[in-house]
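Hello,

Here is the structure I promised to pass on to you. Please open it alongside this message, and I will walk you through what turned up.

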Amino acid sequence: MNFKVLRHCGLMATMLLLLISETGKAQNTIGLRFTPNMISNPKVDNPSPARIYGERTLSFDSGIDYSHQLKKNWAISTGIDLGVVACNQSIEAPLNAFGTRQGSGNISINSMGENYFYYGLSFQPVYRFKRNQNMFRLSAGPNIRFYHRGRESDITYYTANRAIPWNLNDPNAGPPDIEINLPPISPQLHTDVSISLGIERRVSDQVDLVFGIRKSWGIKPIADGTLFVQMYDQTYHGGYATRSNYIGLDLQLRYATKKPEVKYSRAEPIPSDRQGFRRAVFAEALGNGPLLSLNYDMRIQRFKNDGFGFRAGLGLGQLFDNSFAEFDRYISIPLTINYILGKQRHGFETGLGITPQIALVDIGDSPQVRPLSFLNMGYRYQPLKDGLLFRATWTPYISSLKSHQYVWFGASVGYSFR
């Protein structure tokens, strides 16, 4: 990360600290956001007869923010974001257009390109308003991102119908039939602008849930690359640009830093806080997800914070290499049986789980379903009444394809209730 990146990140971090320092002077909130989304397809400039394109792909954006109330309806929010932008490449062309110009039928290639993992900072004004007894939350503003890795070009080569197998390291092999060359993307900052509209639902005195839609636009492409095609004994030059534009769901859990003067009244009645099963909803980063997941957790004995329970969720899964840059994309379903030692707020959580992962696209020879098995051990904070829940766990896992155990960790934040 160069000096320019550090300077911008420092300015945003300073703004965040200044807002947090005002906690006691207004009704401020801390928010946790998860946004599964559909990334727009890459922009392709292709003058050749081949059909070359990229499809929309499923990714996610997430973040934690602090919102400082200015007036009755207006607030300023700043926070930290992280997420993944996925891209793919599809090529369709006649086989006899390449190489020896022999054969019949078409070539059809669909592959996932490099996935761009990013972290960044956001700054957004917020406007809250009522319509028909419903409270809405509208926000818009810039997100400054720094993409992980990407210091080298991402080059994809395709050849077809060659009399002699093509070799990148052979100087006599000539150029490939199709080449997509995406330049390095770091160290540099990228700016996106997003807008979100959601409806708020009160859960307790200090907790709200927000359900909405978020739209984001990239000021410039993540990587603005070149496209080379050699077919029918002619060469063509074009462009291939990966983009970060998306539209997706916007799910937020917001916690007020102090209780309001007017208490929230639950819609039951419940005769006592000791009448129900202890339940929780939480978002987990890494862990059993194994990337990011939303989960429901419940004890199986009434009146207790401890003892046996279960957890089920839905998230984004992956099996990635050590570079944390290239991985297959999956929907994950974390399932766990757990046990909590500790009857009060602080507990030690243990458990065993399995996480089936289902591929979102055809991944060729790789399995479409990949289960992982997990061991869970860690700290759990769960209030005796309704309130925020925190988890920090060690979650080593074993892949179904490799008989090796991998060190893994997870962190969670959510809301606990009866």
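Let me start with a hairpin: β17 and β18 form one, with five residues between them. In the turn sits G287, which has a positive phi of about 65°. Please keep in mind that this is a predicted model.

Next, a sheet. Three strands make up an open sheet with antiparallel pairing, in the order β3-β6-β7. Its edge strands are β3 (51-53) and β7 (106-112), each of which pairs on one side only. From one strand to the next, the twist averages 5°. β3 and β6 (residues 88-94) are joined by three bridges, and the bridge partner of Y53 in β6 is S90.

The largest nonpolar core has 27 residues. Inside this core, the residues with the most contacts are F98, Y116, I178 and M231. Two or more residues come from each of β6, β8 (116-131), β11 (178-182), β14 (223-231) and β15 (234-242). Of these, β14 gives the most, with four residues. As background, nonpolar side chains tend to be buried together in soluble globular proteins.

Leaving aside its neighbours within four places in sequence, Y116 is in contact with several residues, among them G83, V84, C87, Y147, D154, L182 and T242. There is also a second, separate core of seven residues, including F34, V84, L292 and L316.

One last stop: is K71 buried or exposed? K71 is found in the loop between β4 (57-69) and β5 (74-85). Its relative accessible area is 61%, and because anything over 50% counts as exposed, K71 is exposed. K71 and Y127 are 56 residues apart along the chain, and their C-alpha atoms are separated by 9.7 Å.

Enjoy exploring, and write back whenever you like.

Best wishes

Notes. Residues numbered from 1 in each chain as written. Predicted model: local features only at pLDDT ≥ 70, side-chain atom pairs only at ≥ 80, totals over all residues. Heavy atoms only, no water. Pairing = 2+ DSSP bridges. Axes fitted to C-alpha atoms, helices over the stretch in contact; angles between N-to-C directions. Core = buried A, V, L, I, M, F, W, Y, C linked by side-chain atoms within 4.5 Å. Buried < 20%, exposed > 50% of the residue type's maximum accessible area, 1.4 Å probe, protein only. Contact = heavy atoms within 4.5 Å.
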